[in-house]
Amino acid sequence: MSERTSNRIFDIVNITLVTLFVLFCLAPFLHIIAVSLSSNRAITSGEVTLFPIEVNWDAYIQVFSNDSMIHSLIFTIILTVATTVLCMLFTIAAAYPLTKKNLKGRKIFMYLIVVTMFFSGGIIPEYLLIRDLKMIDSVWALILPGLVSPFNLIILISFFNNIPPSLEESAEIDGSSHFHTLMRIVLPLSMPVMATLALFYAVGRWNGFQDSLMYINSPELYPLQLKLFQMVQNNMVSELTQLEGSNRTALTPESLKAATVIFATVPILVVYPWLQKYFVSGVMLGAVKG
């Protein structure tokens, strides 16, 4: 068998396996979409698989007509943007000094950062800390505990270490301060890893619900994922179906749950195409030891 033939067979096998894997990953998502768009009869009879049957949009109409869901969506978008900005600011502020070998206690700081990746205080001590800081039922309880990720911080430190030192030395010779060097040289060269880490922080905050489940009591501070969690627990189906002045046929809980899952998933999926070109290069470059 020639090398060209073997390479072609290898490519065919790879493409087939990747296609099957993609279809395997897409199947649950397609099923949820199909359930959200199918009729009550088709859902209750178990006919729905990957394609909607007897398409209707009543589930989406009821979800979008619910004021609490829209408020939760807007609040989650604002919370995600604010959390991502603050996390990036603090991660950059921590990573850049730790790349300086003349920083006193640098190794101790790095050791303490790495230790937190393997050991944590646990849920109960964390809750007691949040309570003692008077942050229960506060938006800060959703932002401050995860302000800096050790994993993301190490990636950014590794990326900064890969930037040629001669660039910073030239800036220092010209009289540039550390702050100006960071803003004018380091950060513009770090856009791939910055976009990647911003995506990590944004997706983590968007998908997070455990902290809001423990710390938030006011419905107006419920993130979208907590709303979705409550719906899965059958606590909000009646709220969505009891619309004032609605004459629609009652929907099955499954269709409402599926519509809410899509409602909560699509916004964050829209972000991926804008950052995809930075994603792979950012992870790979940041993972190279300097």
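The model is predicted, so local features need pLDDT of at least 70 and side-chain atom pairs count only at pLDDT 80 or more, while totals for chains, interfaces and linings use all residues. Residues are numbered from 1 along each chain as its sequence is written, and side-chain values use heavy atoms, with hydrogens and water left out.

Start with confidence. pLDDT is the predictor's confidence in each residue, from 0 to 100. The protein averages 81, and 87% of the residues score at least 70. Confidence is highest in α4, at 91, and lowest in helix α13 (residues 237-241), at a mean of 55. Helices here are DSSP runs (H or I, at least four residues), numbered from the N terminus. Over residues 243-248 the pLDDT is below 50, and beyond near neighbours in sequence this stretch has five contacts in the model. Residues 286-290 also have pLDDT below 50, with eight such contacts. A contact means heavy atoms within 4.5 Å. Where pLDDT is low, the predicted coordinates should not be read in detail.

Now take helix α9, residues 178-189. Its 12 residues should span 16 Å at 1.5 Å a residue, and the end C-alpha atoms are 15 Å apart, which agrees. The expected span is 1.5 Å times one less than the number of residues. The buried residues of α9 are T181, L182, V186 and L187. They cover an arc of only 140° around the axis, so they lie on the same side of α9. That arc is taken from the directions from the helix axis to the C-beta atoms. Buried means under 20% relative accessible area, exposed over 50%, and partly exposed in between (1.4 Å probe, protein chains only). The cover over these residues includes α4 (67-98), α7 (150-162), α8 (165-173) and α10 (191-207).

Next, the cysteines. The structure holds zero disulfides, a disulfide being a pair of cysteine sulfur atoms within 2.5 Å. C25 is partly exposed at 44% relative accessible area. C87 is buried at 1%.

Last, the rings. There are five aromatic pairs. Rings of Phe, Tyr and Trp (its six-membered ring) pair if their centres lie within 6.5 Å; planes under 30 degrees apart count as stacked, over 60 as edge-to-face and the rest as tilted. W57 and Y60 form a tilted pair, 5.9 Å centre to centre with 50° between the planes. W57 is exposed at 53%, whereas Y60 is buried at 13%. Y127 and Y215 are stacked, because their centres are 6.0 Å apart and their planes at 20°. This pair links distant parts of the chain: Y127 sits in helix α6 (residues 123-132) and Y215 in helix α11 (residues 210-215), 88 residues apart. Y127 is partly exposed at 32%; Y215 is buried at 0%.

Terms used:
Helices (H or I, at least four residues) and strands (E, at least two) are DSSP runs, numbered from the N terminus.
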